[in-house]
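Thank you all for coming; I would like to take a few minutes to go through one model with you. Please have the structure open on your screens while I talk.

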Amino acid sequence: MEQLLVEISRAHFPNAPAPPAQVAAFEERVGWTLDPDLRAFYLNCDGATLFRPRPYAKYRILPLAEVQRARVVMRGEDDDSMGAASWYTLLYLQDSDYVLLDVSRQQDGRYPLLDAFHETYPLEVRQIAASFREFLERALSGGNRLFWLGE
């Protein structure tokens, strides 16, 4: 994870780090803990854009203050018919599309990431990476393309 964070700091557009107290307050607010990769990322930078600065970035990793239940962000309701309570927004991809974190499932202590296309959410949500680390590796090596869409 350390090499990925160095790459983000060197060649991309990171925000300032989140202090440990901010991370703790976030975890208290949402009721779950960041996995090791996410914790390392947020202690290094509280969000970032990859490849291009805002507002032109395809990849905007949200700061902790903007990580929320996906159904509230994408449908405006905190109701089970609007998606799982365990899905949280993690990346904004423009045009109201997001990459979500599923905090109900852990693989090797890490949360999987899901594609959430605004027009088919919540009916069609699919896993695109087993962890944040895998997501970053694939995104950074694939250039400014949404790797799971084969762009």
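First, the ground rules. This is a predicted model, in which local features need pLDDT of at least 70 and side-chain atom pairs count only at pLDDT 80 or more, while totals for chains, interfaces and linings use all residues. Residues are numbered from 1 along each chain as its sequence is written, and side-chain values use heavy atoms, with hydrogens and water left out.

Let me begin with the fold. The protein has 5 helices and 7 strands, where helices (H or I, at least four residues) and strands (E, at least two) are DSSP runs numbered from the N terminus. Along the sequence these elements follow the pattern α-β-α-α-β-β-α-β-β-β-β-α. For 151 residues, a compact globule would have a radius of gyration near 15 Å, and the 14 Å of the protein agrees with that; the radius is taken over C-alpha atoms, and the globule rule is 2.2 Å times the number of residues to the power 0.38. Along the principal axes, the C-alpha atoms fill a box of roughly 40 × 40 × 30 Å.

Buried residues make up 45% of the 151 residues, with buried meaning under 20% relative accessible area, exposed over 50%, and partly exposed in between (1.4 Å probe, protein chains only). The accessible surface comes to about 7400 Å², and 48% of it belongs to carbon and sulfur atoms; these areas come from the Shrake-Rupley method with a 1.4 Å probe, and for residues only the protein chains shown count as cover. As for contacts, which are heavy atoms within 4.5 Å, 51% of those between residues at least 6 apart in sequence join residues at least 24 apart.

Now to the aromatic residues. How many aromatic pairs does a search of the whole structure find? It finds 13, on the definition that rings of Phe, Tyr and Trp (its six-membered ring) pair if their centres lie within 6.5 Å, with planes under 30 degrees apart counted as stacked, over 60 as edge-to-face and the rest as tilted. One of these pairs is Tyr59 with Phe135, whose ring centres are 6.0 Å apart with the planes at 75 degrees, so the pair is edge-to-face. This pair links distant parts of the chain, since Tyr59 is in strand S3 (residues 59-61) and Phe135 is in helix H5 (residues 132-141), 76 residues apart. Tyr59 is buried at a relative accessible area of 0%, and Phe135 is likewise buried at 0%. One aromatic cluster is formed by Phe51, Tyr59, Phe135, Phe147 and Trp148.

Phe51 brings me to the backbone. Most residues other than glycine have a negative phi, and most peptide bonds are trans. Phe51, in the loop between S2 and S3, has a positive phi near 75 degrees, and at 24% relative accessibility Phe51 counts as partly exposed. Asp108, in the loop between strand S5 (98-102) and S6, also has a positive phi, near 55 degrees, but Asp108 counts as exposed, at 75% relative accessibility.

Val72, in helix H4 (residues 70-75), counts as partly exposed at 32% relative accessibility. Leaving aside neighbours within four places in sequence, Val72 is in contact with Glu77 and Asp78. Finally, Glu137 in helix H5 counts as partly exposed, at 41% relative accessibility, and the C-alpha atoms of Glu137 and Arg75, 62 residues apart along the chain, are separated by 30 Å.
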